[in-house]
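Good morning, colleagues. Please look at the model on the screen.

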Amino acid sequence: MSVLLSVEGLSVSFTTYGRRSQVLHDVSLAVPEGAQIALVGESGSGKSVTMKTIMGILPVPPAKVEGGRILFAGRDLLTMPERDRLRLRGTAMSMVFQDPMSSLNPVFTIQDQLGTILKYADRRLGRDRDRRGRRVRILEVLAQVRMRDPERVARSFPIMLSGGMRQRILIAMALLSEPRLLIADEPGTALDVTTQAQILKLLKDLVTENGLALLMITHNLGVVRQTCGYTYVMNRGRIVEHGATQAIFEAPAEDYTRNLIAAVPRLTGRNG
Amino acid sequence: MRTDAEQHALSNAWQNWFRFSRNPTAVIGAVIVVVCVLLAILAPYITPYPDHVGAVVDFRNRHQPPSAAHWFGTDNVGRDIFTRVIFGLRISLILAVVVLGVAIPIGVILGLLAGYFGGWVETVIMRITDIALAIPPLVMALAVAAVLSPSLVNSMLAIALLWWTWHTRLIYSITRQLRTQEFVEAAETLGASRRHILFREILPNCVSAIAVKTSLDAGFVILIGAALSFLGLGIQPPTPDLGTMVAQGASFLPDYWWQSLLPGSAILILALGFNLLGDGLRDLFDVEDVR
Amino acid sequence: MTASPVLELRDLHKVFPLRGTFGRVRGEVRAVDGVSLSIPKGQVYGLAGESGSGKSTIARMIMGLTRPTGGDILLDGVSILGRQASLAHRRKVQMVFQNPGASLNPRRTVGQSIRVPLDAHGFPGNRQRRVAALLEMVQLPRHFAERYPHELSGGQKQRVAIARALAVEPRLLVLDEPTSALDVSVQARIIELLEDLGGELGLTYLFISHDLSLMRNFAQTVGVLYRGRIVETGAVAQVFGAPQHDYTRLLLASVPVISAEEEAMRPAIPLINGEIPTAEDLLALRQQARSKERQA
């Protein structure tokens with residue numbers, strides 16, 4: 001399997017109120033083609049900064065990339081011209097957002113919002129697709145995320161949909177332009193457990209069906225175990241440990257990981 | 001991301017100062033306001049002709065253009081305009097302080113009550129507010145001045161009578177948002193009295209909005225006060241008021257331009273200072289719904 | 001004679017009217033639809049439910065933030081709903097909110113926040129010393145009294161909220177998702193603190209959460225709430241070990257777990273068209289099966 005995305009020695013600092021502090025220290029990780037990779041950490045671990053740097057949505061300043069490379073399909077995202085990078089973002093790599101409530105514009109229908117995104121993605125890729133072609137594609141992705149009635153959903157406004165359905169829309173949004181890499185930021189955390197389980201299953205199914213690579217950013221170890229085969233554990237801006245998910249959960253090598261796993265309450269009860 | 005310990009190391013005061021000092025609007029506004037206030041307070045000691053405040057007549061020096069002896073020139077009876085402008089600042093600032101000093105407490109308390117209690121309390125207060133808002137302050141002031149006699153007290157009264165409404169509106173909307181916040185509910189469940197909740201829990205969270213609004217208001221009140229005086233309904237001569245001076249000087253335009261233009265500029269700068277400060281504070285406190 | 005339970009809910013109802021234009025009542029939402037439960041002294045009762053289950057409404061009713069439309073709430077055998085329910089009686093139940101960031105007033109120091117209940121209930125004795133003692137109780141240094149909430153971490157804020165709730169020596173604490181906004185390692189320490197305090201002070205807890213793994217470890221008795229009703233209740237080990245109701249099974253099956261042992265104890269849920277069914281699907285299916293049985 002060839003590596004699709006690789007982050008090498010990434011260091012990022014933030015300057016706030018005139019003081020500089022380093023938030024990422026030499027972070028390296030690799031997402032092979034078609035693999036499901038988790039980046040797990042508690043708040044302040046630097047997982048979100050890593051994700052934002054990869055997506056190129058880090059506010060610069062106050063943030064500054066101090067060093068390192070981010071290679072996507074062999075090209076360095078950090079040094080490529082802005083225009084090329086824009087072409088990649090939302091097309092070859094796309095993002096599944098966390099908050100299904102605020103990531104959708106309440107005054108436009110689902111098909112309007114998906115249509116706009118698709119139009120821009122097409123334009124960036126120099127693809128030619130008319131209105132009807134776009135509509136076909138939209139219904140296609142809505143069916144792909146297992147919407148029972150794509151026609152009706154397409155005509156709906158976000159407020160008419162449940163939280164779980166909105167999260168599906170966000171996934172559909174990410175799938176529109178047939179990406180090779182999905183980056184999911186805490187998928188389903190804003191939802192109920194039962195809905196979250198559905199969303200995670202959907203995400204996993206979609207990724208395997210379409211041979212996509214998945215980079216999942218989360219704080220929830222249970223979610224990691226359920227969806228990803230390989231895990232990077234982050235703490236205080238550093239990768240503390242990485243390896244096959246099963247191995248890490250059963251025999252963590254580092255104290256930090258061990259304590260983290262020990263802190264998770266078990267459904268079997270104490271010492272269960 | 002920073003750790004909490006680091007966050008704590010950057011003290012509040014430092015953070016505020018850092019943001020303030022990097023906000024040119026706020027700094028310029030603050031400098032203008034502070035200088036004007038200092039000039040007004042120290043007027044009797046720093047002006048070259050403090051006795052020119054009253055009904056002094058010095059016909060030998062009338063209509064003198066700006067010079068080293070008279071920085072802003074002299075008026076039609078030979079009084080030093082610079083001296084009178086500085087004293088005029090005093091009147092404008094007193095007007096602002098009194099009007100806002102009366103209007104803000106009324107407005108804030110009514111806003112808190114309407115926002116927190118809702119129901120008929122809200123209906124009564126907010127409908128009265130709406131009615132009062134429909135009357136333009138200048139028209140109201142003209143009416144009051146026409147019914148009573150034109151004087152400083154009456155014009156302040158007229159403006160204050162309408163000005164509280166803006167604060168009621170503002171505090172009402174903030175209170176309504178805060179009422180459902182968990183910390184307010186927490187205080188309720190802890191058994192805190194309504195007075196405590198209104199004045200100790202909610203009010204402190206309105207302070208930055210009030211500060212911004214007050215600063216912006218001061219500029220408007222000063223402008224309206226000057227407008228009233230200009231129309232002869234405010235401060236009566238010989239008390240040096242900026243609006244009155246502009247009005248008197250206007251009859252000698254364009255030959256003796258300094259007599260109206262320079263007091264006019266003083267009004268402009270003072271109002272501008274308060275507006276810049278208000279805008280700057282708004283950015284600093286990050287309050288949005290204040291206009 | 002058995003002592004009366006610390007908290008007892010009797011057939012509690014809350015109906016919200018649905019209003020259309022011009023305030024006309026168009027229908028109603030039964031947020032809480034006949035909930036009864038009782039918690040003996042020193043116990044942790046876990047109320048499990050998802051959004052819309054009515055769990056927050058129950059907490060708000062116990063705290064007097066909304067009035068029930070039916071039923072009764074008894075503290076130590078005495079109703080807290082009547083007009084005669086005194087402030088002193090109300091004092092016996094306090095609450096810890098979900099989001100420690102939002103439940104502390106950002107403009108007031110920690111000390112001032114903790115003093116609120118002391119002042120409100122006229123605490124006799126030195127209040128400043130009491131604040132220091134409370135901070136110590138939740139394992140925070142006493143100089144934290146001078147700090148503002150934004151200078152504290154999430155876990156520290158929640159400790160402050162617990163100290164504030166304990167200020168007037170309540171008998172019952174309502175914990176509304178007290179750790180869901182916190183990191184797991186912080187959560188573990190807060191739960192530990194609550195357990196210690198519960199033992200020391202003889203506290204009774206009503207623990208409201210959607211986190212079943214956490215509930216398994218913290219509560220002794222559990223009630224599963226679905227659409228305003230308790231669909232299953234019992235000792236936590238029993239309910240989680242052998243769930244009877246479909247909804248409980250679905251909830252348990254949905255928990256993201258981290259070990260094979262846990263996975264083994266999760267009930268299997270039949271997939272519908274290759275997808276995990278929703279609670280509605282599952283219950284509708286059960287209904288159909290039942291009516292078919294009746295016909296046969």
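Predicted model: local features only at pLDDT ≥ 70, side-chain atom pairs only at ≥ 80, totals over all residues.

The contact draws 38 residues from chain C and 32 residues from chain A.

As to polar terms, 12 residue pairs are in polar contact across this interface, both partners being at pLDDT 80 or more. There are also 2 salt bridges between chain C and chain A. C:Asp281 pairs with A:Arg148 in a salt bridge whose closest N and O atoms lie 3.0 Å apart.

Which elements of chain C supply two or more residues to the side that touches chain A? They are α7 (184-201), α8 (212-218), α10 (246-254) and α11 (260-265). Of these, α8(C) gives the most, with 6 residues. By residue class, this side of chain C divides into 18 nonpolar, 10 polar and 10 charged.

I turn now to chain B and chain C. Here the buried area is about 2100 Å², and carbon and sulfur atoms give 53% of it. Chain B contributes 18 residues to the contact and chain C contributes 27 residues. Between these chains there are 2 salt bridges. B:Glu201 forms a salt bridge with C:Arg108, with 3.4 Å between the closest N and O atoms. On the chain B side that touches chain C, the largest share, 6 residues, comes from α9(B).

How values were computed
Residues numbered from 1 in each chain as written. Chains lettered and ligands numbered in written order. Heavy atoms only, no water. Contact = heavy atoms within 4.5 Å. Buried area = accessible area lost by both parts, 1.4 Å probe. Salt bridge = Lys/Arg side-chain N within 4 Å of Asp/Glu carboxyl O. Helix = DSSP H or I, 4+ residues; strand = E, 2+ residues; numbered from the N terminus. Polar contact = N/O pair within 3.5 Å; in protein donor to acceptor, adjacent residues only side chain to side chain. Nonpolar A, V, L, I, M, F, W, Y, C, P; charged D, E, K, R; others polar.
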